[in-house]
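These are my notebook entries on a structure I went through element by element. The sequence and the coordinates come first, and the entries follow.

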Amino acid sequence: MRLTKYAHSCLRVEHDGGVLVVDPGVFGDPAALDGADAVLITHEHPDHLDLAAVRLELDRRPFPIHGPASLAGTLGDAAEALRPVSAGESFTAAGVAIRAYGGRHAVIHPDIPVVDNLGYLINDVVYHPGDALVVPDETPVDTLFAPIHAPWSKFSEVVDFIRAVAPRRAYALHDALLNDNGLGVLDRQYAALSGTEYQRLEPGSRVDV
């Protein structure tokens, strides 16, 4: 598989001629959706779902959207493209095997409602957890995209999450709210403490897995 890391939490996966896009949010580049055969959405927050960009691409080329059933309300008239997914479910998207994990977004604050969230193990190789730190215990993970910063997260918990997943390598995810100072500090600390090969990819970077 070839992965392209776009800004924040968006990944583009190209495999055997198929194109799968994960979490095309408003901080990213709508070009990530070009030619998409399927889209995975972890949850409804706009930094993970740019509704206008998704609708525009659906008008050009229909494709299924896989994600929590609760996305139907957010998608509105695009909800007919939704293929609801539950935690523990395995399915195929754009010709790629997917398994869903979790079920709920991490708590931001007790006064803020908790929404549904799914993490996705892609082709038994790459894990994108969305906005939760759920460990896929029964399956070894080669490549983890770890959410390194968020209103709901704590540095020590993310370090422990990466250690618990124990991937061969980890790439930074969910980093659009950081400036260069914060990125520099966190990159150094995650590299030192995560227990694996850690790297932050600039938007548009490609890696083969």
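Entry 1: I began with Arg99, which is partly exposed at 28% relative accessibility. For that label I used a relative accessible area between the limits for buried (under 20%) and exposed (over 50%), with a 1.4 Å probe and protein chains only. The model is predicted, so I noted that local features need pLDDT of at least 70 and side-chain atom pairs count only at pLDDT 80 or more, whereas totals for chains, interfaces and linings use all residues. Residues are numbered from 1 along each chain as its sequence is written, and side-chain values use heavy atoms, with hydrogens and water left out.

Which residue does Arg99 meet in a salt bridge? I found Glu138, with the closest N and O atoms 3.4 Å apart. A salt bridge here is a side-chain nitrogen of Lys or Arg within 4 Å of a carboxyl oxygen of Asp or Glu. Arg99 belongs to strand E8 (residues 96-104) and Glu138 to the loop between strand E10 (126-128) and strand E11 (143-147), so the contact ties together parts that are 39 residues apart in sequence. Helices (H or I, at least four residues) and strands (E, at least two) are DSSP runs, numbered from the N terminus.

**Entry 2: other salt bridges.** I recorded 10 salt bridges in the structure. One of them joins the side chains of Asp116 and Arg104, at 2.7 Å from N to O. This pair links distant parts of the chain, with Asp116 in strand E9 (residues 116-122) and Arg104 in strand E8, 12 residues apart. Asp116 is partly exposed at 24%, and Arg104 is partly exposed at 47%.

I then looked up Arg168, which forms a salt bridge with Asp142 with the closest N and O atoms 2.7 Å apart. Arg168 is in the loop between helix H3 (155-165) and E12, and Asp142 is in the loop between E10 and E11, so parts 26 residues apart in sequence are tied together. Both residues count as partly exposed, Arg168 at 47% and Asp142 at 24%. Asp187, Arg200 and Glu202 are linked in a network of salt bridges.

**Entry 3: the open sheet.** I traced an open sheet of seven strands, ordered E6-E5-E4-E3-E2-E1-E14, with mixed pairing. Strand E6 (82-84) and strand E14 (205-208) are the edge strands, each pairing on one side only. Pairing requires that DSSP finds at least two bridges between two strands. Within the sheet, strand E1 (residues 2-5) and strand E2 (residues 11-15) are antiparallel over four bridges, and Thr4 has Arg12 in E2 as its bridge partner.

**Entry 4: the surface patch.** I located a nonpolar surface patch of about 260 Å², made by Val26, Phe27 and Leu177. Leu177 sits in the loop between strand E12 (169-173) and helix H4 (180-193) and is partly exposed at 48%. Patch residues have over 30% relative accessible area and no salt bridge, with like charges joined within 9 Å and nonpolar side chains (Val, Leu, Ile, Met, Phe, Trp, Tyr) within 5 Å.

Key. Accessible areas come from the Shrake-Rupley method with a 1.4 Å probe; for residues, only the protein chains shown count as cover.
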